[in-house]
Amino acid sequence: MTAKYMISFFTAILTSLYLFGQEKDPLDDGRKIKIPVVFHVLYNNNIENIEDKLILEELNDLNLDFSKNNDMTMLDPEFSHFVGNPNIEFYLLDTLFHESRTKGIRHIALKKSDNKNLLLIDPNNCLNVFIGNHGNASNILGDRVNLNYRKIGDHLRAFTHETGHWLGLYHIFGTIKNTAWWRVLLGDNDDQVADTPEQKGATAVCYEISEKCPCPPINIYYKGHKTMYNNFMDYNPCRCMFTIGQSAKMRNNIIKEKRSLFDNS
């Protein structure tokens, strides 16, 4: 992608983010949107009952990422003009669930018969995070984020990625999950955000830099252009950015779908 093309593309994005609902909502005055968070630590043994300090590390990373204050030393210079700032702050719910514990963090000895849905706390006005022996997952604009207890405090941005889904972002490689043959069958290479280039699938399904999983990844081109492998909604160890369009989309979704969070900020 030439410098001239990059500048033209960037100017077009700045002046008209009207595709797929990325225009700035008329109500958005740029304020910092503040979202309360409650963590539910679901455990069957002491190993799964992780320490609060690891959760606080994870929350700190989330706030760095959603305020454009995170480490961007891995950022490809070609993407620097596309970096957006969601300007969202996440804070612990001001509720003490256990004496001598941290506000906003619950520790629950889980039974197989327990209904997790009954544990949700005001999901329209609060981010519920379930930490346990399960996979990392979140539905688009869903009622919770699920994180594996082994990934808490590892600084690999799973929480940021899943919170992006919670606020309405798809994977950068399309609206259909990770099943490659579904994407091929339906031609799903677009995440419905104007300033993220199309790509065939996840850049690399790995998260820690190694010989087999370098940064930049080995295969970063699709249809003649460079994939935005630094994007938080991709899979690889180089994730460090949201785009201007993604930031606008998340803020718009809060205003439209979780309005009280915006009004109370």
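Reply: Buried means under 20% relative accessible area, exposed means over 50%, and partly exposed lies in between. Keep in mind that this is a predicted model.

Me: Is Lys103 buried, partly exposed or exposed?

Reply: Lys103 sits in the loop between strand E2 (88-92) and strand E3 (105-109). Its relative accessible area is 42%. Buried needs under 20% and exposed needs over 50%. Lys103 is therefore partly exposed.

Me: How far apart in space are Lys103 and Leu92, C-alpha to C-alpha?

Reply: Lys103 and Leu92 are in contact. In sequence they are eleven residues apart. In space, C-alpha to C-alpha, the separation is 6.6 Å.

Me: What is the handedness of the crossover from E1 to E2?

Reply: Strand E1 (residues 33-43) and E2 run parallel, joined by five bridges. Pro36 stands opposite Tyr91 in E2. The chain crosses from E1 through helix H2 (residues 52-65) to E2. This β-α-β crossover is right-handed.

Me: Which element supplies the largest share of the largest nonpolar core?

Reply: The core has 45 residues, and those with the most contacts inside it include Ile35, Phe39 and Leu127. E1, H2, E2 and strand E4 (127-132) are among the elements that each supply at least two residues. The largest share is five residues, and it comes from E1.

Terms used
Residues are numbered from 1 along each chain as its sequence is written. This is a predicted model: local features need pLDDT of at least 70, side-chain atom pairs count only at pLDDT 80 or more; totals for chains, interfaces and linings use all residues. Side-chain values use heavy atoms; hydrogens and water are left out. Helices (H or I, at least four residues) and strands (E, at least two) are DSSP runs, numbered from the N terminus. Buried means under 20% relative accessible area, exposed over 50%, partly exposed in between (1.4 Å probe, protein chains only). Contact means heavy atoms within 4.5 Å. Two strands pair if DSSP finds at least two bridges between them. A crossover is right-handed if, with the strands pointing away from the viewer, the path from the first strand over the helix to the second runs clockwise. A nonpolar core is a set of buried Ala, Val, Leu, Ile, Met, Phe, Trp, Tyr and Cys residues joined through side-chain atoms within 4.5 Å. Lists of a residue's contacts leave out its neighbours within four places in sequence.
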